[in-house]
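Subject: Structure handover and notes

Dear colleague,

I am passing on the structure below, followed by an account of what was found in it. Please read the notes with the model open beside you.

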Amino acid sequence: MRTLDISKEVIIKVMKGVNCEKNKMGDAEKGKKVFVTKCSQCHTVEAGGKHKVGPNLHGLIGRKTGQAPGFTYTDANKSKGITWGPDTLDEYLTNPKKYIPGTKMVFAGIKKKAERADLIAYLMASTK
């Protein structure tokens, strides 16, 4: 019989039902480029940054939807009640209007998983 060399971390993730590939982090440098081309027209990320058409995203990770101080959100965003993190952002960025029906965000979404992962890595690093 052949034995397999599997790390403890992989075993734990499989036992918890977590898809290891799904949780793979993206490249924050690539994500910055995605942010500049697809998000910066409406959002800023720096502490104290101004709101544009969309809210400033500083402090996004760990914050509930519709809670950036000083930004006027739709009722749909305020009542969604989820906390932003890698998984919720991934689902939201795939199709914002499907994830939060009634949002005023007109962005169609990012279909490429790797591009979303890169953007999420950038947001996690730049919005702390």
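To begin with the cysteines, Cys39 counts as buried at 10% relative accessibility, where buried means under 20% relative accessible area, exposed over 50%, and partly exposed in between (1.4 Å probe, protein chains only). Cys42, at 28% relative accessibility, counts as partly exposed. The sulfur of Cys39 has its closest cysteine sulfur in Cys42, 8.6 Å away, which is too far for a bond. A disulfide is taken as a pair of cysteine sulfur atoms within 2.5 Å, and a search of the whole structure finds 0 of them.

Before going further, please bear in mind that this is a predicted model, in which local features need pLDDT of at least 70 and side-chain atom pairs count only at pLDDT 80 or more, while totals for chains, interfaces and linings use all residues. Residues are numbered from 1 along each chain as its sequence is written, and side-chain values use heavy atoms, with hydrogens and water left out.

On confidence, the protein averages a pLDDT of 87, and 81% of the residues score at least 70; pLDDT is the predictor's confidence in each residue, from 0 to 100. Over residues 10–23 the pLDDT is below 50, and this stretch has 7 contacts in the model beyond near neighbours in sequence, a contact being heavy atoms within 4.5 Å. Where pLDDT is low, the predicted coordinates should not be read in detail.

As to the overall fold, the protein has 6 helices and 0 strands, where helices (H or I, at least four residues) and strands (E, at least two) are DSSP runs numbered from the N terminus. Of its 128 residues, 36% count as buried, and among contacts between residues at least 6 apart in sequence, 40% join residues at least 24 apart. The accessible surface comes to about 8,300 Å², of which 58% belongs to carbon and sulfur atoms; these areas come from the Shrake-Rupley method with a 1.4 Å probe, and for residues only the protein chains shown count as cover.

The largest nonpolar core has 19 residues, and those with the most contacts inside it are Phe35, Trp84, Leu119 and Leu123. Such a core is a set of buried Ala, Val, Leu, Ile, Met, Phe, Trp, Tyr and Cys residues joined through side-chain atoms within 4.5 Å. Two or more residues each are given to this core by α2 (28–38), α4 (86–94) and α6 (113–126), with α6 giving the most, namely 4 residues. Not counting residues up to four places away in sequence, Phe35 touches Ser40, His43, Thr44, Val45, Leu57, Leu119, Tyr122 and Leu123.

Helix α6 has 14 residues and reaches 20 Å from its first C-alpha to its last, close to the 20 Å expected at 1.5 Å a residue; the expected span is 1.5 Å times one less than the number of residues. The buried residues of α6, among them Glu115, Arg116 and Asp118, pack against α2 and α4. Met124, also found in helix α6, counts as partly exposed at 24% relative accessibility. Leaving aside neighbours within four places in sequence, Met124 is in contact with Met25, Ile61 and Pro86; Met124 and Ile61 are 63 residues apart in sequence and 6.6 Å apart in space, C-alpha to C-alpha.

In α4, the residues Thr88, Leu89, Asp90, Tyr92 and Leu93 are buried, and the buried residues of this helix pack against α5 (96–99) and α6. Asp90 counts as buried at 14% relative accessibility, and its contacts, leaving aside neighbours within four places in sequence, are with Lys113, Arg116 and Ile120.

Thr83, in the loop between α3 and α4, counts as partly exposed at 36% relative accessibility; beyond neighbours within four places in sequence, Thr83 is in contact with Gly62, Arg63, Lys64 and Thr88. The C-alpha atoms of Thr83 and Gly62 are separated by 5.6 Å, although the two are 21 residues apart along the chain. Pro69, placed in the loop between α2 and α3 (75–80), is exposed, with a relative accessible area of 69%. Pro69 and His51 are 18 residues apart in sequence and 9.7 Å apart in space, C-alpha to C-alpha.

With kind regards
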